[in-house]
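Hi,

Here is the structure I promised to pass on to you. Have a look at it first, and then read on for what I found.

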Amino acid sequence: MSQSIKEALNVLGLSGEITEVEIKKAYKRLALKYHRDKNKAVDANMMKMITAAFNFLKDNLEKIVNFNHSPDDAYNYSEEVEEMLNKI
């Protein structure tokens with residue numbers, strides 16, 4: 001599944017400049033809330049989506065931060081950058 005930066009940030013509820021610590025905190029918070037062992041009513045695909053977003057952001061954090069100049073630009077990545085990161 002190909003995922004964009006915006007999608008991954010939205011899944012984890014992140015915005016602005018992100019750090020590895022913030023990514024881990026968001027993942028842990030959501031994993032505790034949506035893990036099947038904690039919440040039987042949640043669709044199993046929700047945890048897969050959260051894990052995919054976490055892995056995508058963690059693996060590409062350095063590239064994302066290099067293009068993240070200010071909190072106002074968090075979702076305004078150029079199409080060129082978005083395409084490059086989607087190829088990874």
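Which residues of α3 are buried? They are Met47, Ile50, Ala53, Phe54, Phe56 and Leu57, where buried means under 20% relative accessible area, exposed over 50% and partly exposed in between (1.4 Å probe, protein chains only). Helices here (H or I, at least four residues) and strands (E, at least two) are DSSP runs, numbered from the N terminus.

Before the details, a word on the basis. This is a predicted model, in which local features need pLDDT of at least 70 and side-chain atom pairs count only at pLDDT 80 or more, while totals for chains, interfaces and linings use all residues. Residues are numbered from 1 along each chain as its sequence is written, and side-chain values use heavy atoms, with hydrogens and water left out.

**The chain as a whole**

Of its 88 residues, 34% are buried. Taking contacts (heavy atoms within 4.5 Å) with a separation of 6 or more, 65% are between residues 24 or more positions apart.

Helix α3 has 16 residues and reaches 23 Å from its first C-alpha to its last. That is close to the 22 Å expected at 1.5 Å a residue, the expected span being 1.5 Å times one less than the number of residues.

Two packed helices are described by the angle between their axes and the distance between the axes. Helix α1 (residues 5–12) packs on helix α3 (residues 44–59) at an angle of about 125 degrees, with the axes 9 Å apart. That angle makes α1 oblique to α3; angles under 35 degrees count as roughly parallel, over 145 as roughly antiparallel, 65 to 115 as roughly perpendicular and the rest as oblique. The axes are lines fitted to C-alpha atoms, for helices over the stretch in contact, and angles run from 0 to 180 degrees between N-to-C directions.

On the α1 side, Ile5, Ala8, Leu9, Val11 and Leu12 take part, and they meet Met49, Ile50, Ala53, Phe54, Phe56 and Leu57 in α3. By class, this contact of α1 with α3 has 11 nonpolar, no polar and no charged residues. Ala, Val, Leu, Ile, Met, Phe, Trp, Tyr, Cys and Pro count as nonpolar, Asp, Glu, Lys and Arg as charged, and the others, Gly among them, as polar.

Ala53 is worth a click. This residue of helix α3 is buried, with a relative accessible area of 0%. Leaving aside neighbours within four places in sequence, Ala53 is in contact with Gln3, Ala8, Val11 and Leu12. Ala53 and Leu12 are 41 residues apart in sequence, yet 7.0 Å apart in space, C-alpha to C-alpha.

**Helix α2 against α3**

How do α2 and α3 lie, and at what angle do their axes cross? The axes come within 10 Å and cross at roughly 170 degrees, and the two helices are therefore roughly antiparallel to each other. Residues Glu20, Ile23, Lys24, Tyr27, Leu30, Ala31 and Tyr34 in α2 meet Met46, Met47, Ile50, Thr51, Phe54, Leu57 and Lys58 in α3. The residues of this contact divide into 10 nonpolar, one polar and three charged.

- Leu30, in helix α2, is buried, with a relative accessible area of 8%. Apart from neighbours within four places in sequence, Leu30 is in contact with Val11, Leu12, His35 and Ile50.
- Tyr34, found in helix α2 (residues 20–34), touches Val42, Met46, Met47 and Ile50, not counting residues up to four places away in sequence. Tyr34 and Asn45 are 11 residues apart in sequence and 10.0 Å apart in space, C-alpha to C-alpha.
- Lys24, also placed in helix α2, counts as partly exposed at 44% relative accessibility.
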